Amino acid sequence: MIKQEQHPILKTSNLAIGYASKKEDTIIASNINIELNQGELVGLIGANGVGKSTLLRTLTKVQDALHGNIFINNHNISDLSALHLSKVMSLVLTETMASKNLSVYELILLGRQPYTNWIGSFSKQDIEIANKAIQQVKITDLKEKKCFELSDGQLQKAMIARALAQDTDLIILDEPTTHLDMYHKAYILKLLQKLAKDTHKTILFSSHEIDLAIQLCDKLIVMTDNKVVYNTPKQLIKDGVFETLFPKDLITFDETTGSFRVKSD
């Protein structure tokens, strides 16, 4: 049996990120070359302040790249209109929702907006896709609840369902486990792993939950102060990448268990 070649969804070529000004560019990270394939769960990790949010903003066209190129389905992102981009990439951000008075079902239907007609009405297909997303995330019991009635974990699942309803090849989430307890952090990331496998969508998320990301992700983008490394967790462990993430005075990385440990006195 011939193994089918994976389809690259997101690719960068010699990407440099940071901030441009009239005097000079402030480069946060450069020479970023990553390739996210169809159906992969990819985690973006690194210490606080290393530039994870800047990278996500650049990949989603919220912020301009300083140098290099970003491709989605082999199309340069700089050539894509906002409408086209919304049909290939969906975002789940950490910002507070503009209106929590929407029902969960109304929120999820918003994911269909890129496809609605000029009067904004939803088709039978839109409704079917929204209902399928609700089933995939297993929140049927929350369908009629108002968003302000939801716990943080429930709201995060509703936001993921909305991204699924948008029906894009790529879903990007900015720290989806923020404000969640340990159980729900693991639950959300395990859900993302299952959705990537079942829907064949590429899912990229940033997170501080490095131990969980190592266990659950197909690939990891690791940002340090001087480089960005991209590979499987297994290879990154073998290459000693995680040992360089934090100062060695307090935390060490255990290659055997694939987790960080606090040094004992």
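**Exercise 1. Which residues does His-208 touch, not counting residues up to four places away in sequence?**

Solution. 
- Start with the contacts. In this predicted model, His-208 touches Gly-46, Asn-48, Lys-52 and Glu-175, with residues up to four places away in sequence left out.
- His-208 lies in the loop between β9 (202–206) and α7.
- The relative accessible area of His-208 is 38%.
- Thr-244 is 36 residues from His-208 along the chain, and their C-alpha atoms are separated by 15 Å.

**Exercise 2. Which residues line the second largest pocket, and how do they divide by class?**

Solution. 
- List the lining. His-208 is one of the residues here, together with Glu-209, Ile-210, Asp-211, Leu-212, Phe-246, Ile-251, Phe-260, Arg-261 and Val-262.
- Find the elements. α7 (210–216) supplies at least two of the lining residues, and so does β13 (259–262).
- Sort by class. The lining has 6 nonpolar, 1 polar and 3 charged residues.
- Give the volume. The pocket has about 210 Å³.

**Exercise 3. Where do the buried residues of α4 sit around the axis, and what do they pack against?**

Solution. 
- Describe the helix. α4 covers residues 124–137, which makes 14 residues. From first C-alpha to last it reaches 20 Å, close to the 20 Å expected at 1.5 Å a residue.
- Pick out the buried residues. They are Asp-126, Ile-129, Ala-130, Ala-133, Ile-134 and Val-137.
- Away from the buried side, α4 carries the exposed residues Lys-124, Gln-125, Lys-132 and Gln-135.
- Name the partners. The buried residues of α4 pack against α3 (104–109), α5 (152–165) and α6 (182–199).

**Exercise 4. How many residues of α5 are buried, and what covers them?**

Solution. 
- At 1.5 Å a residue, the 14 residues of α5 should span 20 Å. The end C-alpha atoms of α5 are 20 Å apart, which agrees.
- Count the buried residues. In α5, 11 of 14 residues are buried, and the helix is mostly covered.
- Name some of them. Among them are Gly-153, Leu-155, Gln-156, Lys-157, Ala-158 and Met-159. Further along, the buried residues include Ile-160, Ala-161, Ala-163, Leu-164 and Ala-165.
- Find the cover. It includes β7 (89–92), α3, α4, β8 (170–174) and α6.

**Exercise 5. Which residue just after α4 takes a positive phi, and which one just after α5?**

Solution. 
- Recall the background. Most residues other than glycine have a negative phi.
- Go past α4. Just after this helix, Lys-138 takes a positive phi of about 60°.
- At 56% relative accessibility, Lys-138 counts as exposed.
- Go past α5. Just after this helix, Asp-167 takes a positive phi of about 55°.

**Exercise 6. Where is Asn-14 found, and what is its phi?**

Solution. 
- Locate the residue. Asn-14 is found in strand β1 (residues 8–19).
- Read the angle. Phi of Asn-14 is positive, about 50°, although the residue is not a glycine.
- Asn-14 has a relative accessible area of 46% and is partly exposed.

Terms used
Residues are numbered from 1 along each chain as its sequence is written. This is a predicted model: local features need pLDDT of at least 70, side-chain atom pairs count only at pLDDT 80 or more; totals for chains, interfaces and linings use all residues. Side-chain values use heavy atoms; hydrogens and water are left out. Helices (H or I, at least four residues) and strands (E, at least two) are DSSP runs, numbered from the N terminus. The expected span of a helix is 1.5 Å times one less than its number of residues. Buried means under 20% relative accessible area, exposed over 50%, partly exposed in between (1.4 Å probe, protein chains only). Contact means heavy atoms within 4.5 Å. On a 1 Å grid over the protein atoms alone, a cavity is a set of points where a 1.4 Å probe fits but cannot get out, and a pocket is an open set with protein on both sides within 12 Å along at least five of seven lines; lining residues have an atom within 4 Å of a point. Grid points are joined across faces, edges and corners, and a volume is the space filled by probe spheres set on the points. Ala, Val, Leu, Ile, Met, Phe, Trp, Tyr, Cys and Pro count as nonpolar, Asp, Glu, Lys and Arg as charged, and the others, Gly among them, as polar.
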